[in-house]
Amino acid sequence: MSEKFLEVKDLRVVYTQNRKTVQAVNGISIRLERGRTLGLVGETGAGKTTIAKAIMRILPDIAAKITGGEIWLDGVDILKLPPDEMMNVRGEKVAMIFQDPMTALNPLMTVGDQILEVIRLHDDCDKKAGMDRAGDMLELVGIPRERYAEYPHQFSGGMKQRVVIAMALACDPELLLADEPTTALDVTIQAQVLDLIRELKEKYNTSMILITHDLGVVAQTCDDVAVIYAGKIVEFGKKEDIFDHPAHPYTIGLFGSLPGMAVGEKRLHSISGLPPDPTALPEGCAFWPRCPHAVEACKGKIPTRKIRGVHFCQCVKEKEELQEVYSHGRS
Amino acid sequence: MKKTEKTTYSLDFMRRLLKGWSSRLGFILLALIILLCLFGPFLSPYGVNDIDLQNMYTGPCMAHWFGCDAMGRDILTRLLYGGRYSLLLGLSSALLAAVLGIIFGVVAGYFGGKIEAFIMRFMDIWSALPGMLLCIMISAFMGAGFFATVIALTVGNIPGGVRMTRGQVLAERKKEYIEAAESINGSKMAIMFRHLLPNVVQPMIIITTMSIGSMITMAASLSYIGLGIQPPTPEWGAMLADGRVYIRNYPFLITFPGLAIALTVLALNLLGDGLRDALDPKLRD
Amino acid sequence: GTGTEDNTKTASSAVPDGTNVPAGETAITTEGSINDAGRFDKVVVAVNADPADLLPCKPNGNGKPKFFWSIYEALFDYDDENNLVPSLASGYTEESDTVWNIKLFEEIYDSEGNHITADDVVYSVNWLIETGNNIKYDVLDHVEKVDDYTVAYHWKEKPSANQLEFILVRTFIFSQTAFENHNFATEPVGTGPFVVSEFVSGSELVLEAADDYWADKTSEDVSMRLGLHKATVQTVEFKVISEASQAVVALEMGTVDFCDYVTFSMLGEFEEGGSYSDQYKVDTNLSGDYYYMMPNMASSVIGDDLNLRLAMYYALDNNAIATSMGSGYAPLKSLGTSYFYDFNPEWEEEATYVNTYDMELAKDYLSKSDYNGEEIVIVGLVNEECKNAMTMMQSLLAQVGIKASIQTYEESLMNTILAEQTGWDFVVTRLGGSTLVASWNTLFNNDVHDGKTTNWLADQKLQELYETSLADETHDDEHVKACMDYAFSIGDVYPISGMASSIVYNRKIEEIYYREGYVTVGSSRYVGQ
Amino acid sequence: MADHSPLIEVKNLKKYFKVPSGMNHAVDEVSFEICRGQTLGVVGESGCGKSTLGRTIIRLLEATDGNVYLHGEDITHVKGHQLKQAREKMQIVFQDPYSSLNPRLRIESTIMEPLKYSGRYSSKKKMREEANRLMELVGIDERLRQSFPHELDGGRRQRVGIARALALHPDFVVCDEPVSALDVSIQAQVLNLLMDLQEQMGMAYMFVTHDLSVVRHIANDILVMYLGQAVEKAPTEELFHRTLHPYTKALLSAIPSTDIHKPMQRIRLKGEITSPINPKPGCRFAARCPYAAEQCRQPQQLTEILPDHFVKCCRCREINGL
Amino acid sequence: MGRYILKRLMTMIVILVCAAILVFTLMYFVPGDPARLQLGVDIPEAILQAKRHELGIDTPYIVQLGKFLYNAFLRFDFGYSWKYGVSVMEELIVRLPRTLMIGIPAMILNVLIGTVLGIYSAIHEGKWQDSITMVIAMVFVSAPNFWVALMFILLFALKLNWVPAFGIENLQSYLLPIICSALPGIAVNARQARSSMLEVVRADYITTARAKGQKDRVIVRKHMLPNAMMPIITGVAGGLCQLVAGSPVIETVFSIPGVGAYMLSGVNLRDRPVVCGCVVFFALFTSLVILIMDLSYAFLDPRIKAQYAKGR
Ligand SMILES: Nc1ncnc2c1ncn2[C@@H]1O[C@H](COP(=O)(O)OP(=O)(O)OP(=O)(O)O)[C@@H](O)[C@H]1O
Ligand SMILES: Nc1ncnc2c1ncn2[C@@H]1O[C@H](COP(=O)(O)OP(=O)(O)OP(=O)(O)O)[C@@H](O)[C@H]1O
Ligand SMILES: [Mg+2]
Ligand SMILES: [Mg+2]
């Protein structure tokens with residue numbers, strides 16, 4: 001079972017914009033086993049989308065550059081694959097569901113044809129069979145196949161998101177990257193879509209990376225969670241580890257600032273300060289300027305501490321201290 | 001404190017504007033042309049209308065770098081002098097067109113409804129006649145001369161500005177800060193001119209910069225077909241028109257004025273491109 | 001109404017100073033040959049104005065005169081001495097002072113074979129009158145048929161030579177039948193030696209020699225008719241090339257054989273020593289046209305201020321102006337040129353403001369004038385020479401401290417400008433005529449605006465002097481001079497320069513014929529004829 | 001909370017928009033009242049008319065029908081000076097901190113705008129002083145006062161928006177999703193600020209949001225809207241504990257809980273929100289409602305099922321076994 | 001859709017009529033006496049008056065306007081040129097093919113070369129191919145095209161003798177005018193096409209297409225091009241109108257007796273029937289181009305089509 005299916009090692013990505021270098025991803029390592037779901041949580045600009053795009057190798061050519069690291073998928077380093085072989089990986093082995101369904105669909109193509117396109121790229125089938133398959137996919141995500149020939153503008157947001165999902169799942173990918181698949185949707189629709197993704201994932205035993213900043217979604221969907229801050233994973237662990245025993249001050253802050261459904265007290269525990277400027281990240285731990293427990297050592301090299309099992313945390317504090325922080329944060 | 005902030009902002013703007021080699025080139029070229037046109041005539045040993053029948057059609061030489069025209073006038077001097085007209089013509093008509101375009105556009109876009117429909121239908125009619133044709137007719141109507149040409153060029157170019165501004169206003173009007181201004185009792189005037197205007201002029205600034213160039217070209221075309229500035233004013237287009245008769249024998253008579261126009265317009269366009277890159281929020285960090 | 005109205009002359013007689021290159025001296029490298037009918041193959045002529053239509057009227061504009069005489073014919077022609085010679089009419093008899101009987105040749109057929117008789121003459125004349133171009137027909141009362149070949153012309157009074165020109169020499173005769181069956185605007189049917197084979201408005205007109213030209217076949221004696229009534233070329237192609245510079249290019253590239261509006265600055269290439277002189281000849285033809293300036297007498301600034309006018313006139317230097325206009329212009333030293341037979345070259349010796357350039361005097365007059373530094377508006381023609389002249393004038397005026405601005409207009413638009421009392425102070429334009437006094441019509445005749453001249457002057461004395469000089473009996477040096485002197489004394493006109501037109505033509509044309517100042521290419525003499 | 005006479009009272013408010021295909025019933029017969037120092041949370045899905053309701057109340061939009069009373073005074077159609085006065089007492093904080101600030105105005109000028117238009121201040125200096133006080137109040141650093149909005153992050157911009165709304169000491173503030181565009185960590189800062197300010201100044205809030213956890217935290221009463229209509233209205237805890245309307249139930253159940261140990265009981269709704277354009281007279285939720293029946297086609301009334309708990313559902317008692 | 005087209009056509013006619021009124025009014029108040037235009041300076045008033053009557057210009061403005069509109073729009077007759085006395089409509093028909101001989105090929109060049117260059121440079125964004133194309137485009141956008149025309153005449157006709165310098169002699173003589181009219185349009189289109197392509201390159205659905213594993217070439221053809229087409233069409237239509245507007249100048253430079261030159265001669269001579277005829281004609285052309293442009297939007301973009309179907 002513990003088969004390493006996806007392994008990202010020390011991935012680094014920078015963007016160049018107006019002569020400034022945005023350090024979007026700064027040494028991220030991820031390990032994902034078959035059939036499991038990893039949640040990537042973090043604030044806007046933390047680098048979540050960038051990681052997913054790097055895995056797909058669809059970062060914008062000019063602006064972005066992968067400056068280091070390896071991505072092993074099923075035993076192949078896909079960063080070293082020649083472009084045409086990479087094309088076969090995309091869509092077939094790895095598929096992605098995009099953040100904003102409103103813009104992820106080509107407005108001038110019928111939704112059916114957009115699904116057909118990915119099918120015909122990877123399955124050697126004739127057009128007729130492909131269209132059949134695309135119709136099946138539409139029905140699978142709960143859209144009648146009669147609507148094959150309609151255009152995206154004729155669909156509501158939730159339906160568009162389902163089309164995007166159908167497109168991603170059309171070739172039974174082994175890895176699904178879902179980039180905030182529900183943020184653009186209403187709560188009730190979001191629930192429908194999340195259910196759908198979960199069902200399909202279970203049905204095909206797909207591995208998934210779910211990107212979101214909604215801790216509720218993570219709680220309901222993921223097996224593992226990686227908390228990302230300024231392009232680094234500051235805490236990683238099983239869902240239970242993170243939700244029940246958060247260790248990193250940032251993670252704790254994050255939970256604290258949620259207007260808890262059950263908590264009676266009025267004031268929220270907010271994290272003071274602002275996310276760092278990605279063009280000028282602070283030395284050492286990027287969180288120290290906002291951290292209530294910051295010490296001088298935070299500006300130096302930060303060790304990765306194992307807390308329990310697969311629960312890791314990047315912080316200068318010792319494990320015991322962290323646990324203490326945790327209990328402090330909860331009270 | 002305020003002052004330094006301001007300067008850093010404009011410094012920052014200049015830095016962004018002059019980032020690329022092309023806009024830098026445009027800037028330098030334009031500055032050079034403007035300086036030359038402002039001060040060049042004082043440096044020249046010849047008067048702009050000094051007729052010298054000994055030197056009719058003298059080709060480029062040491063004494064007359066760009067040669068002399070049919071009446072022995074020094075072409076370089078006339079070019080420098082004429083540059084003032086061309087630049088002034090381009091600038092004033094582009095500005096005038098922009099200002100009118102913005103006013104109508106803002107009014108149409110902000111008020112909407114009947115006012116908008118009226119203005120826009122009027123613009124439809126207006127722009128059913130391509131700009132150059134309208135210019136030709138206005139020139140015919142107003143007679144020749146500097147002022148008439150400015151009016152002709154302006155009139156021909158208003159609809160574009162109105163459309164553009166209105167489009168911007170429509171996009172901008174939806175934004176919440178306009179509602180905010182309304183909710184704090186901002187008057188219509190204040191909303192239109194304090195809030196909307198500064199936010200919609202930016203594309204107009206770019207367009208206007210570029211349109212100074214096209215106005216210069218258009219003015220030259222008008223002069224070329226005999227409807228623009230009258231002789232002996234050394235407007236570049238008029239010089240071209242005068243020189244075209246001699247295209248066979250004295251090509252320098254049309255080469256230099258044409259080059260002057262082309263370079264000026266080029267400079268303006270390069271600068272306009274630079275401006276767009278510097279001002280366009282999409283490309284802004 | 002100010003077009004060229006000079007006489008029919010041949011090239012040799014028209015060139016006074018012998019600048020014409022004698023034909024046939026150099027080895028000729030021209031293509032084309034003489035065909036069986038004795039005609040040269042083809043000649044291509046550049047014309048600068050589009051004729052727009054080919055109706056037999058308005059022969060004065062639009063480049064029509066360059067070929068009209070080849071398609072249509074009138075009753076008479078003028079010979080060198082301004083005598084009427086037969087064309088379609090064999091002669092006339094003066095029945096009384098006011099009735100002339102004009103006798104037609106009896107065997108006239110147009111290119112469609114319609115027989116032309118007195119009825120057609122009456123029809124043609126009436127048609128022309130009806131089209132509204134009756135301005136020059138004042139003296140004609142009516143025409144009527146006497147018999148098949150005789151038409152009676154009834155005059156209101158005894159006509160002068162000037163008046164006859166339009167009615168007898170410039171009124172084309174055509175067949176009523178043909179006119180009713182064809183649209184003459186595009187497919188004219190005339191009696192001339194050529195027929196139109198192709199007409200593309202704005203672009204080209206092709207004439208083909210008529211195979212059965214009536215004069216070639218008639219049994220009557222047509223030897224009195226002028227030489228221009230024949231086709232010496234099989235095909236004449238007229239190409240509209242409005243820009244002189246492009247016409248020059250066409251000449252150089254050999255696509256055009258003949259052009260009569262080459263700018264003087266470009267003649268060098270074709271003249272002796274020029275790179276194209278082995279292929280082309282240049283013929284300079286002093287014409288009856290001259291440039292002049294005229295004050296707006298209705299303008300209070302100018303009209304009431306003789307001193308200002310004189311100041312301006314003395315500030316002008318005709319030599320410099322003519323130079324700026326190009327080599328085709330000679331400075332005028334009096335009102336008119338020696339082209340006119342009624343012009344006396346001695347007049348040029350006199351010291352008038354025309355040939356005195358005196359800045360001191362100009363400043364003197366200026367100080368006596370009421371001039372307060374305001375801008376004087378000079379309107380002029382839009383062409384290159386006129387613009388140059390005006391520019392020169394402007395800078396000369398500036399030297400004595402008179403500010404002038406320049407406006408240019410198309411020739412026909414100028415008419416309208418002149419009809420306005422305001423908006424202009426001076427006009428620079430040109431006029432022409434077959435005689436000096438005839439050319440003065442525009443200047444001194446005060447019949448135009450209710451007893452005022454074109455420049456809004458109501459001077460009875462000038463009018464009288466003008467009429468005296470015009471009248472046949474008193475048309476002599478003394479009266480002409482008196483009129484001119486008086487006009488100068490009141491500063492009513494300022495002559496600028498006389499014009500000569502230049503013709504560049506392929507050496508395959510040996511000798512060119514003129515008709516009304518225009519070359520009839522189709523009837524000129526070609527190499528080998 | 002001493003004063004219990006309603007500060008703002010909305011009665012049968014309607015706002016229809018004319019669109020090419022008919023009438024968009026964006027707000028249809030909504031009534032409620034808010035007292036001093038109280039917060040009414042308005043929740044509902046996108047497009048259900050929450051913003052339109054807020055905007056119509058503070059007279060940014062003209063009501064189609066119904067009335068709004070401020071301090072008992074009908075302000076639905078007042079004009080000129082009265083409108084000006086009414087607006088000074090009612091303000092709005094917008095959802096999008098990026099578009100709600102004029103990008104061309106410096107922060108200080110933005111905050112000075114309402115002061116200027118009010119005409120209450122005699123000199124620029126006084127205005128500036130007041131502006132500085134406000135900025136201090138909402139916690140904007142002094143060094144940022146001369147900067148432009150684009151130089152600020154979302155949280156700070158939202159503070160500027162709040163300062164602008166509070167400049168004239170309004171009695172009533174519409175908060176139109178003021179935190180939904182912000183990151184969780186920043187969201188908490190802003191929510192805290194809003195609550196603190198209410199405590200200090202005693203304003204009434206109408207807090208529009210689609211995030212039920214936020215509304216639960218901040219609101220005293222909650223109004224649930226569906227397609228322009230109020231379907232349920234109750235005090236916050238009452239609503240969460242005794243959810244009566246089927247739509248509210250579905251809505252609450254759809255929210256992903258952060259409690260990983262409590263498996264969710266999700267009520268799955270069919271289909272999507274229907275169009276508010278020319279709706280049929282009956283219950284607008286009927287098309288998606290698991291309990292829809294024949295009688296739902298009749299027009300529904302908002303009735304007080306339990307004390308202070310209003311529901312617009314004819315089968316409410318039946319479903320909940322009351 | 002059909003109803004929409006009909007509605008648009010009706011609006012177009014209204015706009016045309018208004019434009020015609022505008023032109024007529026402008027030309028009506030232009031100083032100049034048509035009777036004198038025809039007859040000359042030294043003409044007595046009585047004769048002028050007769051001529052005015054003949055030309056129908058002695059009636060009040062409103063009568064003349066009404067007559068003009070009636071004739072122009074109901075009988076397709078613009079009257080007779082005051083100067084030449086020829087039917088303006090007939091003249092237009094004769095001259096139109098010449099203007100089109102330049103306009104249509106120039107337009108085709110515009111569209112083809114301009115668009116292809118723009119796409120080419122967008123695909124090579126930031127590389128040297130892009131820079132060179134854009135520099136050349138910039139140069140041709142900047143240089144006044146009548147001057148470029150003069151320079152081309154100088155070079156290709158006078159110095160190299162490859163083509164005739166002017167006139168409409170043969171097909172070769174159309175070569176320079178076509179190229180010179182097309183050049184600025186090509187440059188403008190190239191820039192337009194490039195920027196709209198670049199806009200599309202950054203769109204999310206392109207990323208989606210890449211995520212599917214689609215080949216770059218296919219992405220350009222299938223996803224980018226159709227989406228970039230709208231601004232390109234706008235540019236092309238703008239270029240076409242510019243072409244029309246520029247025809248007086250280009251036709252002057254090359255001595256081509258087309259509609260543009262006709263209009264210019266009409267303006268110079270204050271020949272109202274000619275000017276009104278030409279301008280109405282040009283306006284018709286421009287409006288048709290805009291109409292076709294709008295319709296092609298609908299053809300290309302289902303969203304816009306849907307709007308039309310609703311019958312806005
Ligand atoms: N094309 C680009 N050019 C330059 N910088 C970019 C580009 N795309 C992203 N960035 C920057 O890289 C950083 C990480 O961006 P990314 O989109 O991965 O964040 P994210 O975690 O997905 O945020 P969000 O939650 O807003 O989607 C940000 O600072 C962003 O500004
Ligand atoms: N100015 C307007 N003109 C026409 N229709 C409008 C206008 N403003 C809003 N609407 C329509 O009114 C309905 C309610 O819109 P409103 O913005 O109030 O919803 P909302 O609940 O605030 O949604 P969201 O959560 O997306 O902000 C929608 O169908 C919307 O399309
Ligand atoms: Mg993202
Ligand atoms: Mg809203």
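How many of the eight residues of helix α10 (residues 249-256) of chain A are buried? Select that helix to begin. The model in the viewer is a predicted one.

**Stop 1: chain A, helix α10**

Seven of the eight residues of α10 in chain A are buried, so the rest of the structure largely encloses this helix. Colour the buried ones: A:Pro249, A:Tyr250, A:Thr251, A:Ile252, A:Gly253, A:Leu254 and A:Phe255.

**Stop 2: chain A, two arginines**

Now select A:Arg57, in the loop that runs between α1 (48-56) and β4 (64-73) of chain A. Most residues other than glycine have a negative phi. A:Arg57 is not a glycine, yet its phi is positive, about 55°. The relative accessible area of A:Arg57 is 22%, so this residue is partly exposed.

Next, show A:Arg147 together with A:Phe155. The arginine lies over the face of the A:Phe155 ring, 4.7 Å from the ring centre.

**Stop 3: chain B as a whole**

Hide the other chains and look at chain B. Its secondary structure consists of ten helices and zero strands. Followed from the N terminus, the elements read α-α-α-α-α-α-α-α-α-α. The C-alpha trace of chain B spans about 75 × 45 × 25 Å along its principal axes.

Chain B has 285 residues, and 60% of them count as buried. The chain exposes about 11,200 Å², of which carbon and sulfur atoms supply 70%. If you colour by charge, you will find 24 positive and 18 negative side chains in chain B, with the centres of the two sets 4 Å apart. Contacts along the chain can also be sorted by sequence distance. Among those in chain B between residues at least 6 apart in sequence, 72% join residues at least 24 apart.

**Stop 4: aromatic rings in chain B**

Over all chains, a search of the whole structure finds 55 aromatic pairs. One of them is B:Tyr250 with B:Phe252: the ring centres are 6.3 Å apart and the planes stand at 65°, so the pair is edge-to-face. Both B:Tyr250 and B:Phe252 are buried.

Staying in chain B, select B:Arg84 and B:Phe42. B:Arg84 lies over the face of B:Phe42, at 5.6 Å from the ring centre.

**Stop 5: an aromatic cluster in chain C**

Move to chain C and show seven side chains there. C:Tyr72, C:Tyr123, C:Trp127, C:Phe172, C:Phe174, C:Phe179 and C:Phe184 form one aromatic cluster.

**Stop 6: chain D and two other chains**

With chains C, D and E on screen, check where chain D stands. Chains C and D have no contact, and their closest C-alpha atoms lie 48 Å apart. Chains D and E have no contact either, although their closest C-alpha atoms lie 7 Å apart.

**Stop 7: chain E, helix α1**

Which residues form a ring pair in which the planes are at 25°? Select E:Phe24 and E:Tyr28. Their ring centres are 6.1 Å apart and their planes are at 25°, so the pair is stacked. The two residues are four apart in helix α1 (residues 2-29) of chain E, and therefore about one helical turn separates them. An α-helix has 3.6 residues a turn, so residues three or four places apart point the same way. E:Phe24 has 2% relative accessibility and counts as buried, while E:Tyr28 has 23% and counts as partly exposed.

**Stop 8: chain E, helix α8**

Select helix α8 (residues 172-201) of chain E, the place of E:Ser181. Is E:Ser181 buried or exposed? It is buried, with a relative accessible area of 8%. Apart from its neighbours within four places in sequence, E:Ser181 is in contact with E:Ile102, E:Ala106, E:Asn145, E:Leu243 and E:Ile250.

E:Met197 also lies in helix α8 of chain E. Its relative accessibility is 0%, so E:Met197 counts as buried. Not counting residues up to four places away in sequence, E:Met197 touches E:Ile119, E:Ala122, E:Val220, E:Met224 and E:Ala228.

**Stop 9: chain E, a loop**

Finish at E:Ser255, in the loop between α10 (216-253) and α11 (259-268) of chain E. E:Ser255 has a positive phi of about 50°, although this residue is not a glycine. At 8% relative accessibility, E:Ser255 counts as buried.

Methods
Residues numbered from 1 in each chain as written. Chains lettered and ligands numbered in written order. Predicted model: local features only at pLDDT ≥ 70, side-chain atom pairs only at ≥ 80, totals over all residues. Heavy atoms only, no water. Phe/Tyr/Trp six-rings, centres within 6.5 Å; stacked < 30°, edge-to-face > 60°. Buried < 20%, exposed > 50% of the residue type's maximum accessible area, 1.4 Å probe, protein only. Lys NZ or Arg CZ within 6 Å of the ring centre and 35° of its normal. Contact = heavy atoms within 4.5 Å. Areas by Shrake-Rupley, 256 points an atom, 1.4 Å probe, with all protein chains shown as cover. Lys, Arg positive; Asp, Glu negative; His and termini not counted. Charge placed at Lys NZ, Arg CZ, Asp CG, Glu CD.
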